[in-house]
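User: I am new to this structure. Could you walk me through how to read it?

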Amino acid sequence: MPIRQFTARNFRCLVSIELEADPEYNLICGPNASGKTSVLEALAYLGRGKSFRGAVTTDLIRHGEREFVLFGHVAVGAREAKVGVRNSHEGLEIRIDGDAEGGSAALAAALPLQIIDPDVHNLIGGAPEQRRRYLDWIAFHVEPGFLDVWRRFRRALKQRNAALKSGAAATTMEGWNASFVELAGRIDSGRRQALEVVTGRLEEAGQDLVGSEVGFEYQPGWNEDRGLLKALEDSMERDLQQGSTQYGPHRADLKLMYDARRARKLVSRGQQKLLACAMILAATETAQVALERPLLLLLDDPAAELDSHSLRRLMRRVVALGCQVVATSLETKLQFFPEAASVFHVEHGDLKRVG
Ligand SMILES: Nc1ncnc2c1ncn2[C@@H]1O[C@H](COP(=O)(O)OP(=O)(O)O)[C@@H](O)[C@H]1O
Ligand SMILES: [Mg+2]
């Protein structure tokens, strides 16, 4: 199981909670604003070193407190690791078995997880950055060298943009193009590999959840016929004017196609949610196969926006994945969630096992 024991202190409304997690199914229930999402967000923070909702530290530390602390016993292969995160206004501290070196990438490797929350449809209709992150997450878990290349590319992009802003000479900028293009090409091929492994699973999940043909259309961030080097050369004047790089992997997008049409044009929010769930489940399965271990899947109010037919299909797929699941619900029962689940009640910043 990915996480056996979890504690959180002063995270959002949670005063101090302890969760002895079931290896398979866990249900967190409680009334509105009791702290259900906070429990999931705390778990996600332990696996990512940041909020999945984009919340800032000040909003995450319980009002009136100076820091929050999260701690978990997680399974890394055959052994167990102690993973801890402490966040105060002074900064974020990450420790894995006492070691502070690894940073958030080490957290992500120790506790790989995915989240389906009520905003999941934004993966289809929202900004491209979310979809780039989606693809990079798969590449990170499937290809050991991807993170290093990704970091080097981020650095190169930052330097390039800084030079553009400071009005560097066009000839100086052109001298950097070759190495920028080389790193960009490696990001691009990492993403294409990730796409290749996830696409079959997406097609299957899409067929199962929405009963339609679903696929990806990938755009690398520049015109492939023209090539990135030419694109950079042609846009040099504009890049200098705007102080930023117009073409490259940081402009990539991944469009979800539904019966050969762009899925974001679909009217139904419920359908968008199902398609986004298909994407998340396909990515989870891909990483599980690559890592040869179960992942943690967080489901925040999965019943929202779904009719019972769709919810049943979603839950069936979730169960078939064989990951550890922590789900939330207003009631002590969640339709189609396995009866054998451990049930916890959260209220007034406290968590208790009730079933
Ligand atoms: N930093 C914080 N300190 C104290 N309370 C907070 C903080 N951030 C959010 N809350 C409160 O936590 C409560 C529970 O939020 P949430 O976990 O989203 O509830 P649920 O998902 O059960 O509806 C809300 O009333 C919210 O105002
Ligand atoms: Mg909530």
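Analyst: First, the ground rules. This is a predicted model, in which local features need pLDDT of at least 70, side-chain atom pairs count only at pLDDT 80 or more, and totals for chains, interfaces and linings use all residues. Residues are numbered from 1 along each chain as its sequence is written, while chains are lettered from A and ligands numbered from 1 in the order in which they are written.

User: How many helices and strands are there in the protein?

Analyst: Both come from DSSP runs: helices are H or I with at least four residues, strands are E with at least two, and numbering starts at the N terminus. Here the protein has 11 helices and 14 strands.

User: What radius of gyration does the protein have?

Analyst: The radius is taken over C-alpha atoms, and the globule rule is 2.2 Å times the number of residues to the power 0.38. For 355 residues, a compact globule would come out near 20 Å; the protein has 21 Å, which agrees. Along the principal axes, the C-alpha atoms fill a box of roughly 70 × 50 × 35 Å.

User: Which share of the residues counts as buried?

Analyst: The test counts other C-beta atoms, placed from the backbone, within 10 Å of a residue's own: 20 or more is buried, 12 or fewer is exposed, and in between is partly exposed. By that test, 38% of the 355 residues are buried.

User: What share of the contacts comes from residues 24 or more positions apart?

Analyst: A contact needs two C-beta atoms, placed from the backbone, within 7 Å. Among contacts with a separation of 6 or more, 73% join residues 24 or more positions apart.

User: Which residues of α5 are buried?

Analyst: An α-helix has 3.6 residues a turn, so residues three or four places apart point the same way. In α5, the buried residues are R131, Y134, L135, I138, A139, F140, H141 and V142. Their cover includes α3 (103-110), α4 (122-125), α6 (146-165), α7 (170-210), β9 (253-258) and α10 (269-291).

User: V197 is in helix α7. Is V197 buried or partly exposed?

Analyst: V197 is partly exposed, because 19 other C-beta atoms lie within 10 Å. Leaving aside neighbours within four places in sequence, V197 contacts V142 and T286. V197 and T286 are 89 residues apart in sequence, yet 6.9 Å apart in space, C-alpha to C-alpha.

User: Which residues touch the most other members of the largest nonpolar core?

Analyst: In soluble globular proteins, nonpolar side chains tend to be buried together. A nonpolar core is a set of buried Ala, Val, Leu, Ile, Met, Phe, Trp, Tyr and Cys residues joined through C-beta atoms within 7 Å. The largest one has 91 residues, and L275, C277, A278, M279 and L298 touch the most other members. Helix α10 gives the most to this core, 11 residues. Beyond four places in sequence, the contacts of L275 are I124, G206, V210, V214, L256, Y258 and A263.

User: Is V326 buried or exposed?

Analyst: V326 sits in strand β12 (residues 324-329). V326 is buried, because 28 other C-beta atoms lie within 10 Å. Outside four places in sequence, V326 contacts N26, I28, L40, L43 and L298. V326 and I28 are 298 residues apart in sequence but 7.2 Å apart, C-alpha to C-alpha.

User: In which sense do β4 and β5 pair?

Analyst: Strands of a sheet pair through backbone hydrogen bonds, either parallel or antiparallel. Two strands count as paired if DSSP finds at least two bridges between them. β4 (residues 67-76) and β5 (residues 79-88) are antiparallel over 10 bridges. E67 stands opposite S88 in β5. Two residues lie between the strands of this hairpin, where G77 takes a positive phi near 65 degrees. β5 also pairs with β6 (residues 91-96), antiparallel over six bridges, and a hairpin of two residues joins them.

User: Which residues are closest to ligand 1?

Analyst: A residue is near a molecule if its C-beta atom, placed from the backbone, lies within 6 Å of it. Ligand 1 has 15 residues around it, the closest being C13, A33, K36, T37 and S38. The elements giving two or more residues to this shell are α1 (36-48) and α2 (57-60). The largest share, three residues, is from α1.
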